[in-house]
Amino acid sequence: ARAADARTPGAGPVVHAHRGASAYAPENTLAAVDAADALGIAWVENDVQRTKDGVLVVLHDTTLDRTTDAEQVFPDRAPWAVKDFTAAEIARLDAGSWFGPAFAGARVPTFAQYLNRVERNRQKLLLEIKSPEVYPGIEKEILRVLRQKGWLDRRHVEQRLVVQSFGAESVKIVHAQRPDVVTGFLGTPPVADLPKYAAFTDQINPAYTTIDAGYVAAVQKLKGAHGKPLRVNTWTVNDAAKAAVVAGFGVDGIISNNPDVVRDATR
Ligand code: G3P
Ligand code: CA
């Protein structure tokens with residue numbers, strides 16, 4: 001089988017829907033997963049965090065106020081940190097109205113609910129462990145839920161799952177606990193440091209503003225944790241002109257709020 005993160009020979013970069021197709025539906029909701037599916041985008045990127053009572057949820061910010069109505073529902077709970085709310089409290093919040101009335105009532109999905117939807121749609125998951133320093137031990141819990149949901153079987157691990165983080169230690173933990181899982185490091189390490197990263201990761205995933213063709217080639221020259229060329233998925237590229245430029249750098253993948261735009265610009 002082709003590796004989970006490989007691009008199809010002759011095709012453009014693999015397009016990933018950032019927080020789901022987040023230009024079209026509220027980020028990190030099931031609606032955003034479905035919006036990506038409706039566009040024919042297989043890969044969805046998300047962000048996973050942990051509630052006060054230990055439930056994994058899908059949300060980008062470490063606070064609830066930007067993308068939910070937490071300020072209205074819990075006016076005395078500033079700064080509305082995810083880690084200070086139970087899963088039952090978070091389940092009461094509206095995570096869609098801020099984006100538009102058509103999405104009123106969308107919820108912050110639990111990670112388990114999110115996996116169910118990605119599975120139902122036969123999509124693939126670029127999972128980000130968000131702010132791991134806030135959630136000690138979250139890697140083990142993520143792996144536990146992935147296993148429970150069937151996402152650590154061979155078919156998923158080989159073709160449908162990548163786990164990434166800005167936290168190098170977090171990526172190392174995932175690689176140590178499940179060496180079969182494809183991993184990514186978010187950032188732009190200096191070229192001289194890349195071999196250290198290649199020991200535990202398969203992808204170097206930098207902001208597009210930090211790279212050029214030379215950097216991409218330097219990454220891809222090395223072999224990653226699974227003995228295949230280190231890959232580069234860059235973010236967050238939302239317009240056609242920028243997509244064409246970074247595709248010209250030779251990146252393996254592009255992460256975008258507008259994945260359809262990027263796909264059309266790079267085919
Ligand atoms: O997947 C890359 C990108 O999501 C990293 O930045 O802040 O959107 O999580 P952020
Ligand atoms: Ca992310």
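Helix α5 (138-148) packs its buried residues against β2 (43-50), β3 (56-58), β4 (124-129) and α7 (168-177). Here helices are DSSP runs of H or I with at least four residues, strands are runs of E with at least two, and both are numbered from the N terminus; contact puts two C-beta atoms, placed from the backbone, within 7 Å. The model is a predicted one, with local features needing pLDDT of at least 70 and side-chain atom pairs counting only at pLDDT 80 or more, while totals for chains, interfaces and linings use all residues. Residues are numbered from 1 along each chain as its sequence is written, with chains lettered from A and ligands numbered from 1 in the order in which they are written.

The buried set on α5 is Ile 138, Glu 139, Ile 142 and Leu 146 (buried: 20 or more other C-beta atoms within 10 Å of the residue's own; exposed: 12 or fewer; partly exposed: in between). These residues sit on the same side of α5 because they span an arc of only 105° around the axis, taken from the directions from the axis to the C-beta atoms. Over on the face turned away from them are the exposed Lys 140, Arg 144, Arg 147 and Gln 148. After the helix comes Gly 150, with a positive phi near 85°.

As for the nonpolar core (buried Ala, Val, Leu, Ile, Met, Phe, Trp, Tyr and Cys joined through C-beta atoms within 7 Å), the largest has 73 residues, and Ala 21, Ala 36, Val 57, Leu 161 and Ile 254 touch the most other members. Helix α1 (30-38) is its top contributor, giving 6 residues.
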